[in-house]
Each structure stands twice: as C-alpha cells, then as structure tokens.
Amino acid sequence: MTGKIQQIADAVKQCKTVMITSHEGPDGDAIGASLGLAAFLKAIGKDVTVHLADPVPELYRFLPGSDLVTPDIPDQDFDLAFVLDIGEFRRTGSKFCAFTRFNQLINLDHHLTCEEFGHINLIDEKAAATGLLVWRIAKACGFRADYNTAVCLYVAILTDTGSFRYSNANREAFESAGELLEQGGLNAWNIAEKLYESQPRKRIELLALALPTLEFVREGKVASITVLLEMYEKTGAGAELTDGFVNYPRSVAGVDVSIFFRQLEERRFKVGFRSKGTVNVATLARAFGGGGHHNASGGMVDGTLEEVKKIVYGAVDAVQW
Ligand SMILES: [Mn+2]
C-alpha cells in the first residue's frame, strides 16, 4: 500500500494537468475527496479540472471549489486522471466513460468490489473514506493542509463515517480529522452546522410525507420508508433532499436493516439498504445487480411499488440472521 502511495505521489509531482472525477449522484465523500484533491493539487501549482456527471448537491456548495465543478469535459489532454470513490467504473457517467485523453488513470477507492480499471489502483476497504486516501497521498508529497484542502477532506471523512459513528471510524479517520482540523484551522462546529443544522425546510416537509410510509417486516427487524414521485410534486423538493432518509427506519430499536424505496420513474425504484452491522447488505444488494459496503448498499429494481417490495422483501427473507 505504501509503495502505491509513493508511486502516486511521484506521478502527482511530475504531472502538470489533472482531471478528477467521481460517481453520479455524488455524496459527501465523492465531493469532499474530489475537491480536497483539487485544492491540494492547485496549492502545489497543478492545472486541475473537476468533472462530475451530476451537480454538486446544495448541501456541499459551501466547499471551496464546488463552483468550478463542470458537467463537461474540456477539449484538452491531461497528464493524470483520478477516479475517486467509484465502486464501479460506469458510475463516472457516460462522458467520462468515453474519455481517453489522459496518460495515466489512477483509481482511488474504498469499495471492496471496485474493479482494477486504472493504471494504478489504490483500493483500501479499511479506509473510512476516499478522502483519507487523498490525504495519504498529500502527506506523501510533504503537503501541509491549507484551509481549502482540509475542509473538503474533513467533510469527506465526517460524512462517510456518519460523524464518526459508523464502525469504519478507525484510528486513521480520527487522527486524520485531527490533523486536518489543526493544519487547516477548521472549526468543527461551523462545519457541522453547515452540514447538519441548516437543512432546507422542503426536506423536512418531504420527510413528513415519507414517514407515514414506515413499514416493519421480519418481526420488526427490517423497516422501510418510501418516497414517491408525487411527494416531490407536493413539496417542491428534489431527490437530492432524500439523503439520510434511510437512517430513520434504522434508528428504531430492534431494527437491523433499513430499506429506502425511492421512486425514479413510474415503474422504477432505487432501493437503498442500511445495516446496523449484523447483516451484510452488500450481499443483499448484489441480488439486484447493486453493490456497496457491509453497512450501506443499494441497487435498482423495476416494477410497481408492490412488485418491487415483493422482490426486495423476498431477498431479505432469504437471508438468515
Ligand atoms: Mn466513500
């Protein structure tokens, strides 16, 4: 692992132009790791482009560099291209999938199931966030975090560890957060306030419609919540505001697995799973061609809500625990 980090650090030192991308529907780690890497590379004089297929969610727009994220790919060649937190290469989106104008492709990820599509693949499932892999590389370059780099990487760690509550919150996560706080002069409360105490009113209005759909199966060990297209219409909220909804059913005593049914089209649902730890929901998601981690995973299922529930609850029933 150290050898690879050194290899990447060397490539970074030698390069001039860098393209950075991450997955569709970007979360705090995708955004934080991408913008943190961009801030670090800019600080050491590199020419950096951050391309994301989808826009930066409102929640993360306070992060420096978020205004420079582009849905397009500029007409130029790049020395290096970084793909972050991707799980599966196709999740970079159609534009990046077709893009080849780079000399070297570097894959940084902590998804166990990630393919080795890069020239260098740093895949460490023990890393709590992809932002931590970025931090390892920056440190290997002898970089001391400035504010911009620190705040982005701190947000990557904070969001992917559920504010240091998930089992992935290991020593590296805590130590790196401490380093970033100190070097970047961060204020933990200011960041927490932006992430957790500033939610749009529409999100709570949407949650108010979703909570009555709460349903318990498997003697209360599994709970689900549903968001239908009509709920967006009623509240004016968009799908990006459903982030975190899946945590409400899981927070109930006795619930081991929570499921979030999110309607995408008339007959298509995104199904998200969260586990308290007993059940490996990555395996569960694979039943529908999805993927993810032990405690968080998801996939897509076609059908009406009733049909989708039948399929998903059936798969849940097949798991012994
Ligand atoms: Mn991640």
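Domain bounds here come from an automatic or database domain assignment. On that basis, the protein chain of this predicted model divides into domain 1 (2-196) and domain 2 (201-318).

**Overall shape**
- The protein chain has 321 residues and a radius of gyration of 20 Å, which agrees with the value near 20 Å for a compact globule, so the chain fits that rule.
- Along the principal axes, its C-alpha atoms fill a box of roughly 55 × 40 × 40 Å.
- You will find 12 helices and 11 strands in the protein chain.
- Among contacts with a separation of 6 or more, 65% join residues 24 or more positions apart.

- The centres of domain 1 and domain 2, taken over C-alpha atoms, are separated by 27 Å.
- Their contact draws 7 residues from domain 1 and 5 residues from domain 2.
- On the domain 1 side, the residues touching domain 2 comprise 2 nonpolar, 4 polar and 1 charged.

**Buried residues and cores**
- Buried residues make up 43% of the 321 in the protein chain.
- In soluble globular proteins, nonpolar side chains tend to be buried together.
- The largest nonpolar core holds 56 residues, and I20, F82, V134, L153, Y154 and I157 touch the most other members.
- If you set aside neighbours within four places in sequence, Y154 is in contact with A177, L180, L181, L186 and I191.
- Another core lies apart from the largest one and has 29 residues, including L206, F273, V279 and L284.

Terms used. Residues are numbered from 1 along each chain as its sequence is written. This is a predicted model: local features need pLDDT of at least 70, side-chain atom pairs count only at pLDDT 80 or more; totals for chains, interfaces and linings use all residues. Two residues are in contact if their C-beta atoms, placed from the backbone, lie within 7 Å. Ala, Val, Leu, Ile, Met, Phe, Trp, Tyr, Cys and Pro count as nonpolar, Asp, Glu, Lys and Arg as charged, and the others, Gly among them, as polar. A nonpolar core is a set of buried Ala, Val, Leu, Ile, Met, Phe, Trp, Tyr and Cys residues joined through C-beta atoms within 7 Å. A residue is buried if 20 or more other C-beta atoms lie within 10 Å of its own, exposed if 12 or fewer, and partly exposed in between; C-beta atoms are placed from the backbone. Helices (H or I, at least four residues) and strands (E, at least two) are DSSP runs, numbered from the N terminus. The radius of gyration is taken over C-alpha atoms; the globule rule is 2.2 Å times the number of residues to the power 0.38.
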